[in-house]
Amino acid sequence: MFSLFIRRDGLIDPPAIGNIDHHCHILFGIDDGPSTIEGSIAIARILLDMEVSEVIATPHVISDIYPNTSKIIIDTAAKLILELNRINLPLKLICGAEYYTEQFFINLIEKRDVLSFGDKNYVLFESPVENPPMLLESVIYHLKSNGYTPLLAHAERYHFLQRDFEMVKHLKSLGVHFQVNHPSFMLPKTSHTGEMARKLYLKGYVDLLGTDMHKATPVQQVQPSKKQRFRLFN
Ligand SMILES: [Fe+2]
């Protein structure tokens, strides 16, 4: 879905994020995102500056750290939507979540109590970084069999995928789609995460992009300068 621009000098431009941020901790007070509604509005302003017109709000759902329910997420989103409307910020907000791979998540799937989004009924989920959890394939199975599309959050970050690209292919064969954080494309060649983002992109494994923004820190990735472009073939 993304076009690729390879230049004669071996540089490529990272893909534009487009008008939808598919992974963002914009909701206030319910995870490690902004603690106040003002912080949420600050994130909204940054997204609009990036020409993003729609954001999927994806707060963490982790049973023992951020035990957010669908109701908590929807109620918080409703307050933020009211405020966005009140101050005339034209940002569309859709409820999602970033579910942690654990039995609690599987229980939610079986109750069909998960917040999905998009034309493919995506459910965003994350995994521990170092090694694949035992429940990874079980989560994928339960999502698929309940009509959802598993969307792995920030796929470039996982050490077990960086070490073994065959595992990426395996997950894809199981029906997993991959979300990559757009700021990762700006990371230097010394960064395993940056290199993995670029590898996923160049091999055609990036399905959706997001900012994964937690706080209102301006992101410089919409129009990268020549210095920010990364070199492919050296
Ligand atoms: Fe996140």
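**Before you start**

You are looking at a predicted model, in which local features need pLDDT of at least 70 and side-chain atom pairs count only at pLDDT 80 or more, while totals for chains, interfaces and linings use all residues. Residues are numbered from 1 along each chain as its sequence is written.

**Stop 1: the whole chain**

Show the cartoon. The chain has 7 helices and 11 strands; helices (H or I, at least four residues) and strands (E, at least two) are DSSP runs, numbered from the N terminus. Of its 234 residues, 41% count as buried. Here a residue is buried if 20 or more other C-beta atoms lie within 10 Å of its own, exposed if 12 or fewer, and partly exposed in between, with C-beta atoms placed from the backbone.

**Stop 2: the sheet**

Select β2, β3 and β5. These 3 strands form an open sheet in the order β2-β3-β5, with parallel pairing; two strands pair if DSSP finds at least two bridges between them. Why does one side of β2 and of β5 lack a neighbour in the sheet? β2 (20-24) and β5 stand at the edges, each with a single partner strand, so one side of each is left without a neighbour there. Now zoom in on β3 and β5, which are joined by 4 bridges. Click on A57 and you will find its bridge partner, C95, in β5.

**Stop 3: helix α2**

Next, select residues 70-86, which make up helix α2. Its 17 residues reach 24 Å from the first C-alpha to the last, close to the 24 Å expected at 1.5 Å a residue (the expected span is 1.5 Å times one less than the number of residues).

Colour I73, T76, A77 and L80: these residues of α2 are buried. They cover an arc of only 100 degrees around the axis, which puts them on the same side of α2; the arc is that of the directions from the helix axis to the C-beta atoms. An α-helix has 3.6 residues a turn, so residues three or four places apart point the same way. Turn to the other side of α2, where K71, I74, A78, L82, N85 and R86 are exposed.

What covers the buried residues of α2? The cover includes α1 (37-49), β3 (54-57) and β5 (92-95).

**Stop 4: two loop residues**

Select L89 in the loop between α2 and β5. L89 is partly exposed, with 14 other C-beta atoms within 10 Å. Not counting residues up to four places away in sequence, L89 touches A44, L48 and L84; such a contact means that the C-beta atoms, placed from the backbone, lie within 7 Å. L89 and A44 are 45 residues apart along the chain, yet their C-alpha atoms are separated by 7.9 Å.

Now move to S53, in the loop between α1 and β3. Leaving aside neighbours within four places in sequence, S53 is in contact with N19, P90, L91 and K92.

**Stop 5: the core**

Finish with V55, A57, Y99, V123 and L200, which touch the most other members of the largest nonpolar core, a group of 60 residues. A nonpolar core is a set of buried Ala, Val, Leu, Ile, Met, Phe, Trp, Tyr and Cys residues joined through C-beta atoms within 7 Å. Centre the view on V123: leaving aside its neighbours within four places in sequence, V123 is in contact with Y99, V114, S116, L143, Y148, P150 and L151.

Notes. Two residues are in contact if their C-beta atoms, placed from the backbone, lie within 7 Å.
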